[in-house]
Amino acid sequence: MSITGGATSARLLLIRLSDDTPVDTPRVPAREAAERELSKPMYHENDPNLLQRALDRFWDWVGDLFDSASGVAPGGLLGLLVVILVVLALLAALWWRLGTPRRIPGSAGSLFEDGPRSTVEHRASAEAHAAANRWNEAVQERMRAIVRSLEERALLDPRPGRTADEAATEAGRALPGHADRLRAAAREFDDVTYGGRTADQRTYLRLRDLDLDLDRAKPQLSTASGGTAE
């Protein structure tokens, strides 16, 4: 190697060292270094938050959906809009024809969910369910027979929408000797009707015995009138 060539090489080496620039950086380390640099918070101060990114993706999806639908619908985007308007018009016509949906009476915990029935009818229905081992239904009908019997005897005022707990509380004032059993019967009714529990024969027999005992019980008239008002 000549002296001139060696000096040139040395000068090039000094320039590279003074600039602190690597001669040849492999691809993978370079990419990792760039990722580390770009992951610094200073580069992401103005990035959208998670909710904004989710909304952006949602609207992108909606836009893609409309683009796909407009490509299939006759007439493109205009045809798609016409189809949407027709569907909305049909829905409006159905709403006007059928009216606003109404809640079904008795769905908020009412004791009686059907029309008025007598004590005899509720007791007969309870016995029929019990004979078929349908203990949940038997318990429900027996509790209704208890309350209807108290109403027929004027120990409770007939009141639509009354719950089992309300009936037990009011009847317990007129028949304090049976107040605890009335509250227990109301809890068992609520458990099988709204709590998803399963009754058995013993549960039904307790309510049947309570029904028969109440039928023979004499009320305390001094508190009966106060128990019927709410």
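These are my notebook entries on a predicted model of one protein chain.

**Ground rules**

I number residues from 1 along each chain as its sequence is written, and I leave hydrogens and water out, since side-chain values use heavy atoms. In this predicted model, local features need pLDDT of at least 70 and side-chain atom pairs count only at pLDDT 80 or more, while totals for chains, interfaces and linings use all residues.

**Entry 1: the chain as a whole**

I looked up the secondary structure and found 10 helices and zero strands. Helices here are DSSP runs of H or I with at least four residues, strands are runs of E with at least two, and both are numbered from the N terminus. Read from that end, the order is α-α-α-α-α-α-α-α-α-α.

I then looked up burial. Of the 230 residues in the chain, 27% are buried. Buried means under 20% relative accessible area, exposed means over 50%, and partly exposed lies in between (1.4 Å probe, protein chains only). The chain exposes about 16200 Å², and carbon and sulfur atoms supply 60% of that area. Such areas come from the Shrake-Rupley method with a 1.4 Å probe; for residues, only the protein chains shown count as cover.

Residues 24 or more positions apart account for 65% of them.

**Entry 2: helix α6**

The expected span is 1.5 Å times one less than the number of residues. Is α6 enclosed or open? In α6, 15 of the 18 residues are buried, so the helix is largely enclosed by the rest of the structure.

A salt bridge is a side-chain nitrogen of Lys or Arg within 4 Å of a carboxyl oxygen of Asp or Glu. E141 and R144 are three residues apart, about one turn of the helix. An α-helix has 3.6 residues a turn, so residues three or four places apart point the same way. E141 is buried at 6% relative accessible area, and R144 is buried at 9%.

After α6 comes A154, whose phi is positive, near 65 degrees. R159 lies in the loop between α6 and α7 and is partly exposed at 29%. R159 and F112 are 47 residues apart in sequence, and their C-alpha atoms are 10.0 Å apart.

**Entry 3: helices α8 and α9**

Helix α8 (residues 179–193) has 15 residues and reaches 21 Å from its first C-alpha to its last, close to the expected 21 Å. I listed its buried residues, among them A179, L182, A185 and F189. What do the buried residues of α8 pack against? They pack against α6, α7 (164–174) and α9.

R181 and D213 meet in a salt bridge at 3.0 Å, N to O. This pair links distant parts of the chain, with R181 in α8 and D213 in α9, 32 residues apart. R181 is partly exposed at 34%, as D213 is at 24%. D213 also meets R216 in a salt bridge at 2.8 Å; D213 and R216 both lie in α9, three residues apart. R216 is exposed at 61%. Elsewhere, salt bridges that share partners join R148, E151, R159, R162, E166 and E170 into one network. The count of salt bridges comes to 16.

**Entry 4: aromatic pairs**

I counted two aromatic pairs. Rings of Phe, Tyr and Trp (its six-membered ring) pair if their centres lie within 6.5 Å; planes under 30 degrees apart count as stacked, over 60 as edge-to-face and the rest as tilted. W135 and Y204 form a tilted pair, 6.0 Å centre to centre with 40 degrees between the planes. W135 sits in α6 and Y204 in α9, 69 residues apart, and both are buried. F189 and Y194 form an edge-to-face pair at 6.5 Å and 75 degrees. F189 is buried at 0%, whereas Y194 is partly exposed at 39%.

Methods: Contact means heavy atoms within 4.5 Å.
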